[in-house]
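User: Please take a close look at one part of this model. Which contacts hold it in its surroundings, and how do the neighbouring packing features connect to one another?

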Amino acid sequence: MDCNTQHTADNMAIEITKGDKLYTFYADESDPVTMVTCPECGFAEAVDLSNQKGSKAKFEIKCECGHTFDASFEWRRFARKNVQFRGVFKNSETDSKGFVMVESLSLGGLGFTLLEDYKVDPGDRLEVSFTLDNKLSTEVSPEIVVTSVRRNKVGGRFTGSTRNRDLEVYLRFL
């Protein structure tokens with residue numbers, strides 16, 4: 001890995017596996033070039049993953065600074081944007097409500113942390129309301145179907161009936 005160019009690590013997430021850190025980088029299915037950022041020195045390089053498309057293999061990466069780290073690539077249909085938006089959810093089936101911190105957005109869905117102990121299960125339909133950090137402070141309330149729950153971390157995909165133009169503009173042009 002060449003570390004001559006400095007970039008931000010917005011596309012990096014950390015998973016803890018067996019006590020060691022596995023750095024997960026998100027790769028866009030339509031563009032196999034992704035940024036790999038060294039967690040030690042912060043430098044990054046664009047890496048062409050054409051030969052690895054769809055692979056879930058773990059790779060050992062050695063940066064020019066000498067640091068070695070384990071990485072995997074998660075292939076996504078839509079790029080994910082890391083955000084920090086306080087919001088609320090409402091379960092359309094049970095009418096339960098709660099506070100959340102929206103932490104990631106894509107054109108296909110979102111991820112958030114439950115800020116209190118709420119019962120949310122895969123398959124639940126939720127309306128998640130929050131305010132974007134754009135110039136207009138646009139309020140959005142997309143409906144999602146919950147696809148994953150890990151402790152207080154929830155992921156969901158937008159329902160077919162949800163097409164939020166404000167979210168599309170926000171994600172495509174910021």
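Analyst: **Around Thr113**

Setting aside residues up to four places away in sequence, Thr113 touches Phe99, Val100, Met101, Glu103, Asn152 and Lys153 (contact: heavy atoms within 4.5 Å). The model is predicted, so local features need pLDDT of at least 70 and side-chain atom pairs pLDDT 80 or more, while totals for chains, interfaces and linings use all residues. Numbering runs from 1 along each chain as its sequence is written, and side-chain values use heavy atoms, without hydrogens or water.

Thr113 sits in strand S10, residues 109-114 (strands are DSSP E runs of at least two residues, helices H or I runs of at least four, numbered from the N terminus). Its relative accessibility is 8%, so Thr113 counts as buried (under 20% relative accessible area with a 1.4 Å probe, protein chains only; exposed is over 50%, partly exposed in between).

Ser104 lies in strand S9. With 10% relative accessibility, Ser104 is buried too. Beyond four places in sequence, Ser104 contacts Arg80, Lys81, Asn82, Val83, Gly109, Leu110 and Gly111.

Next, the core. The largest nonpolar core has 23 residues; Val102, Leu105, Phe112, Val128 and Phe130 touch the most other members (a core joins buried Ala, Val, Leu, Ile, Met, Phe, Trp, Tyr and Cys through side-chain atoms within 4.5 Å). At least two core residues come from each of S8 (81-91), S9 (97-105), S10, S11 (125-131), S13 (143-150), S14 (153-158) and helix H1 (165-173).

Now the rings. There are three aromatic pairs (Phe, Tyr or Trp six-membered ring centres within 6.5 Å; planes under 30 degrees apart are stacked, over 60 edge-to-face, the rest tilted). Phe85 and Phe130 have ring centres 5.8 Å apart and planes at 10 degrees, so they are stacked. Phe85 belongs to S8 and Phe130 to S11, 45 residues apart. Both Phe85 and Phe130 are buried. Phe89 and Tyr118 show centres 5.4 Å apart and planes at 85 degrees, so this pair is edge-to-face. Phe89 is in S8; Tyr118 is in the loop between S10 and S11, 29 residues apart. Phe89 and Tyr118 are buried as well. Ring pairs also join Phe85, Phe130 and Tyr170 into a cluster.
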